Amino acid sequence: MPQLRPALIAAVLVLGTATPVHAAASAPAVTVENGRTQPVFSYADAVREHVYVESPVDSDADGRLDRVRVDIIRPKESGPGLRVPVIIDESPYYDNSGRGNEGERKEYGADGNVTKFPLFYDNYFVPRGYAVLNVDMIGTTRSDGCPDVGGKADVLGGKAVIDWLNGRAKAYRADGSPAVADWTTGKSAMIGKSYDGTLANAVAATGVRGLETIVPISAISSWYRYQRSNGVIYNYDYASWLANYVDTDPEAKCQAVRDRMDAGDGDDTGDHNPFWAERDYLGGLLGDASKVRASVFVVHTSNDLNVKPDNFSTWWQALAERRVPRKIWVGQYNHVDPFDFEGRRDVWVDTLHRWFDHWLHGVRNDIMREPRADVQVGPTEWITQRDWPAPHATRLTLRPAADGTLGLRPDRRATATFTDVAMTESAMVADVGAANPGRLAFTTGALPVDLRLSGTPTADLRVKLDRPASNLTALLVDFGDDTRLDWRRGQGVTTIAEEDCHGESTAADDGCYKKVVTNVANRPVEVVARGWIDTRNRHSLTRPSPMPVGKYAKVRWETLPHDYTFKKGHRIGLIIAGTDASYSSETGTGAAVTVDLSRTGVTVPVVPGAPLADVPKDTARFLGPRELTLPEPEPGFSFF
C-alpha cells in the first residue's frame with residue numbers, strides 16, 4: 001500500500017482522527033486520537049535489552065573509558081521500519097534508595113535484561129510508541145566509573161547516551177559486539193526527580209543535539225545553590241558523602257575521587273570556586289542555559305527544603321530570558337513528585353503525555369497554547385495562570401520600626417541590635433512580642449484582605465558589625481491560626497492502601513501505585529520565605545570582603561521564592577537574625593549586629609488587588625507573651 005502523503009497526515013492529525021504517524025496504515029504505526037498517541041503496542045511483548053554506551057571520560061582512572069549501562073524497553077515492532085522516540089530516566093538510585101514513593105528498584109532476568117522498570121513511564125509510554133531507557137549514572141549500579149556529583153563524569157555520561165541514539169557515540173552489547181540504535185528517531189526526552197532531574201538539566205545545558213525536551217522535577221540547576229546560600233554552608237563535605245552513598249562498589253575504588261571533592265569544595269570559606277563552577281548549569285564550565293536547545297517542563301515545590309526552590313526559580317528565569325519553550329508546575333509540598341500530588345495524578349499523566357507527544361512525536365495538540373503555569377495555592381487548590389511568578393506582580397516594601405511594627409514607612413534614625421548566635425528557626429519565630437538577644441522581630445497588624453506573594457522576596461539591610469563577619473538570616477512569616485499543608489510530615493503526603501493504574505502490566509512489572517492524601521495541620525505560624533547570607537559575600541560569591549568593623553554597609557540578597565497567600569486577619573512578620581541552625585551546619589560568629597532600621601526592609605512581590613496602603617501597624621506588639629513553637633523538620637532528609 002502506498003505511503004500517506006505528509007500533507008494528508010498533517011490534515012488528519014488536526015482533525016483528531018485515529019491516524020498512523022510514521023508509517024502506512026497496514027504497517028505497524030503510532031496512532032493518534034484526540035491529540036494523544038494511543039496504546040496500540042503490546043507491553044508484554046516489548047523488546048527488553050541492554051547496552052553499554054562508551055563515555056568520553058575515565059573517571060575511575062583504570063585506563064579505559066567508562067561505559068554507561070542503558071536498560072531499554074521498546075515496542076516489538078520498533079526497528080528500521082518503525083523508529084520511535086525515547087524517554088530517558090538517568091539515575092544513580094536504581095540499586096540503593098530506589099525510585100518513586102514506593103522505592104522501586106530494577107529487577108533483572110536470567111539474561112541480564114531488566115524485567116521490572118521502576119515508575120510508570122515504561123508501562124504507560126511503550127504501548128503508545130515510545131522507547132523508555134533507564135540509565136545507570138556513571139559510577140552507580142551496573143555502569144563503570146566513579147560518580148562526581150554533578151561534575152564532568154555525571155554530565156558527559158548522560159550526554160553520551162543522547163549521542164549514541166543519534167549515531168555520534170559507540171555502544172556495545174554484553175558480548176562486546178557493537179550496538180546500533182537503528183530503532184529510534186533520535187528524538188529524546190530526559191525526565192526525573194531530584195538527582196535524576198538534575199542530570200536532565202545538566203545534559204540539556206551542554207546543548208546536545210537530539211535532546212528535544214526535559215522534565216526536571218525537584219531538580220538542581222546549581223550545586224552551589226544546593227549546598228550554599230550566599231556563602232552560608234548548609235552541610236560540610238556533602239558531595240563526597242553523596243558520591244559514596246550512590247556508589248555501591250567497594251569504598252576504596254573511588255576514594256581518590258571523593259578525596260579530590262573534599263579538597264576542592266571550599267568548605268573552609270563557603271565561597272563559589274571552580275569546583276562549583278563545574279557544577280553550575282546556568283552558566284558553568286560544562287554548559288549553561290544559553291546552550292539549551294530542549295524545551296523544558298519544570299516541576300518544583302515551594303516548600304522543598306532539600307532541593308531548595310531557588311534552584312528552579314533562577315533556572316526558570318534564565319530559560320525565559322532566552323525564550324526557551326517552557327511550562328511549569330509550582331506546588332506547595334516538600335520534596336514530592338507530581339505523580340503524588342493529591343488529586344493531580346490523572347492530570348499529571350495526561351499533561352506529561354501531551355507534552356511528550358508534542359515534542360517527540362510532533363503531535364499537534366494544545367499543550368503549548370494552554371496557560372504556562374499551574375500553581376498550588378492551598379492544600380488541594382490549584383490555579384492556572386499565564387506565567388510564573390504571577391504576571392504584573394507589584395513590589396511591596398515592608399519596613400521595620402523600633403517599636404516592633406512592620407509597615408510601609410521607614411522609621412527615621414532608629415536602630416536595633418542583636419548577636420549572631422546559632423538559633424533554630426523555632427526559636428527565631430517564638431514569642432515575637434518579647435525581646436530576644438539573638439534576633440529582631442517585627443509584625444504588621446491584621447491584614448484587611450488576602451495578600452498573595454508570588455515570586456522571590458528581597459531582604460535589604462544596612463548593618464554594622466563589631467567583627468569582620470556575621471551570618472544573616474531573614475524570615476518572612478505568616479502569623480495567624482490556619483489549617484495549612486503540613487509539608488514537614490511525610491514531605492506533605494501520606495500513602496494509603498488504595499491503588500490506581502497508569503499503563504499496561506505484566507506479572508513482573510505493573511503500572512499500579514498507591515495513592516496519597518495531603519497532610520494538613522492547624523498551626524498559628526508559617527515561615528513563608530527564608531534567606532541567608534555571609535556578610536563577607538555581600539558583593540561577590542567568589543571574592544569575599546570582610547565588613548568594615550564599626551561602619552555601616554549595605555547587605556542585600558534574595559530569599560527563597562514562594563507562592564503563598566497571607567489571609568485576611570493574619571499578620572506578616574519579618575525576623576532578622578544570625579546563623580540559622582535549622583538549615584546551616586555553621587556556628588554563629590558572635591558578632592554584634594546593629595541594624596539601621598531607616599534603611600532596612602524586605603521587598604515582596606504581591607499580586608495586585610489588595611489596598612496596600614491600608615495594611616496597619618500594630619502598636620500592641622502582636623501576640624504578647626504567647627509562646628509559638630514551630631516544629632523542626634523531620635530528622636534527616638531525602639534527596640531521592
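This is a predicted model: local features need pLDDT of at least 70, side-chain atom pairs count only at pLDDT 80 or more; totals for chains, interfaces and linings use all residues.
**The largest pocket**

- The volume of the largest pocket is about 750 Å³.
- Its lining counts 35 residues, and those closest to the centre are Arg-225, Ser-313, Thr-314, Gln-317 and Glu-558.
- At least two lining residues come from each of helix 5 (223-227), helix 9 (310-321), strand 13 (228-229), strand 23 (451-455), strand 28 (520-534) and strand 29 (553-558).

- An open sheet with mixed pairing holds 11 strands, in the order 10-4-5-9-6-11-12-15-16-17-18.
- Strand 10 (171-172) and strand 18 (381-385) are its edges, each pairing on one side only.
- Strand 12 (residues 211-217) and strand 15 (residues 295-301) are a parallel pair, with 3 bridges between them.
- Ile-217 has Val-299 of strand 15 as its bridge partner.

**Helices across the sheet**

- Helix 3 (residues 152-165) lies across strand 4 (47-54), strand 5 (67-74), strand 6 (84-91), strand 9 (131-136), strand 10, strand 11 (184-193) and strand 12.
- The angle between helix 3 and strand 6 is about 165 degrees.
- Helix 10 (residues 345-361) lies across strands 6, 11, 12, 15 and 16 (326-331), and runs at about 160 degrees to strand 12.

**Where helix 3 meets helix 4**

- The axes of helix 3 and helix 4 (residues 195-205) come within 9 Å of each other and cross at roughly 70 degrees, which means that helix 3 is roughly perpendicular to helix 4.
- On the helix 3 side, the contact uses Asp-154, Val-155, Gly-158, Lys-159 and Ile-162, while helix 4 brings Tyr-195, Leu-199, Ala-202 and Val-203.
- By class, this contact of helix 3 with helix 4 has 6 nonpolar, 1 polar and 2 charged residues.

**Backbone details to check**

- Trp-388 and Pro-389 are joined by a cis peptide bond, with omega at about -5 degrees.
- Pro-389 sits in the loop between strand 18 and strand 19 (394-400).
- Val-149 has a positive phi, near 50 degrees, in a residue other than glycine.
- The loop that holds Val-149 is the one between strand 9 and helix 3.

Definitions and conventions
Residues are numbered from 1 along each chain as its sequence is written. Side-chain values use heavy atoms; hydrogens and water are left out. On a 1 Å grid over the protein atoms alone, a cavity is a set of points where a 1.4 Å probe fits but cannot get out, and a pocket is an open set with protein on both sides within 12 Å along at least five of seven lines; lining residues have an atom within 4 Å of a point. Grid points are joined across faces, edges and corners, and a volume is the space filled by probe spheres set on the points. Helices (H or I, at least four residues) and strands (E, at least two) are DSSP runs, numbered from the N terminus. Two strands pair if DSSP finds at least two bridges between them. Contact means heavy atoms within 4.5 Å. Axes are lines fitted to C-alpha atoms, for helices over the stretch in contact, and angles run from 0 to 180 degrees between N-to-C directions. Angles under 35 degrees count as roughly parallel, over 145 as roughly antiparallel, 65 to 115 as roughly perpendicular and the rest as oblique. Ala, Val, Leu, Ile, Met, Phe, Trp, Tyr, Cys and Pro count as nonpolar, Asp, Glu, Lys and Arg as charged, and the others, Gly among them, as polar.
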